[in-house]
Amino acid sequence: MKINVKTENGYLPNKYSKFAGENYEYKGNPCVSFPIEFTDVSDKVKSIALTFLDHDAIPVCGFTWIHWLACNIPPTIRTLPKNISVDNTLNVLQGQNSFASPFIGETDHIITNRYIGPTPPDKDHEYTLKVYGLDKKLDLNEGYFMNDFYKLINGHIVESAELKILGRC
């Protein structure tokens, strides 16, 4: 399995992150998810899942910031379309991001259960997109937590790929 995300000068394009225009924001947050290309996906893969995390957030807020959790992506697609987090024409199941934390206090599920793009406050951050090819669909509910996701994928990962993506401050 290989993945690719088109960048601009090595960075996630502005429209998917901190410098998104008004049409790409919801309540001041970048909300349009970026497209992801998949190649060389094994025939053994029955579903695809992903995490999009910011480990560089640890010195800022004390924990890895979760920007996006998604699973039960059809293994036959070659590109996860732009804005699938909102449009969700593929019935992708999405988990809670870090805005759902009681430390943040956000209650709007349009923010907490979807993609929210990078907005690094202190410097450029390196984001980790990890994609998992699984041997089954996951039995989770919309708004699942990352720990439940990790428990369910244990023993079911056929293949995976990881990509580091820079986000501009």
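Predicted model: local features only at pLDDT ≥ 70, side-chain atom pairs only at ≥ 80, totals over all residues.

Strand and helix names follow DSSP runs, numbered from the N terminus: helices are H or I with at least four residues, strands are E with at least two. Buried means under 20% relative accessible area, exposed over 50%, and partly exposed in between (1.4 Å probe, protein chains only). Asn29 has 14% relative accessibility, so it counts as buried. Contact means heavy atoms within 4.5 Å. Show the surroundings of Asn29 and, leaving out residues up to four places away in sequence, you'll find Tyr24, Phe99, Ile111 and Ile116 touching it.

**The five-stranded sheet**

Now color E8, E6, E5, E9 and E10. Five strands in that order make an open sheet, with antiparallel pairing. Two strands pair if DSSP finds at least two bridges between them. E8 and E10 are at the edges, where each has a single partner strand, so one side of each is left without a neighbour in the sheet.

Zoom in on E6. Nine of its nine residues are buried, so E6 is largely enclosed by the rest of the structure. Six bridges tie E5 to E6 in an antiparallel run, and Thr51 sits opposite Leu69 of E6. Turn to strand E8 (residues 93–94), which pairs with E6 over two bridges, again in the antiparallel sense. Here Cys71 has Leu93 of E8 as its bridge partner, and Ala70 stands opposite Gln94.

Stay in E6 and pick His67. This histidine is buried, with a relative accessible area of 3%.

**The three-stranded sheet**

Next, select E1, E4 and E7. These three strands form an open sheet in the order E1-E4-E7, paired antiparallel. Its edge strands are E1 (2–4) and E7 (79–80), each pairing on one side only. E1 and E4 are joined by three bridges, and Ile3 has Phe38 of E4 as its bridge partner.

**Into the cores**

A nonpolar core is a set of buried Ala, Val, Leu, Ile, Met, Phe, Trp, Tyr and Cys residues joined through side-chain atoms within 4.5 Å. Which members of the largest nonpolar core touch the most other members? Among its 28 residues, they are Phe34, Ile36 and Leu129. Strands E4 (36–39), E5 (47–54), E6 (65–73), E9 (125–134) and E10 (157–167) each supply at least two residues of this core. Click on Ile36: setting aside neighbours within four places in sequence, its contacts include Ile3, Val5, Leu50, Trp68, Leu80 and Leu129. A second, separate core has 14 residues, among them Cys71, Tyr132, Leu138 and Ile153.

**Helix H4**

Now move to H4 (residues 146–153), where Met146, Phe149 and Ile153 are buried. They cover an arc of only 55 degrees around the axis (taken from the directions from the helix axis to the C-beta atoms), which puts them on the same side of H4. The buried residues of H4 pack against E5, E6, E9 and E10. Step just past H4 to Gly155, which takes a positive phi of about 85 degrees.

**Last stop: the cysteines**

How many disulfides does a search of the whole structure find? Zero, with a disulfide being a pair of cysteine sulfur atoms within 2.5 Å. Cys169 is in no disulfide, and the nearest cysteine sulfur, that of Cys61, is 14 Å away. Cys169 is partly exposed, with a relative accessible area of 32%, whereas Cys31 is buried at 12%.

Technical notes: Residues numbered from 1 in each chain as written. Heavy atoms only, no water.
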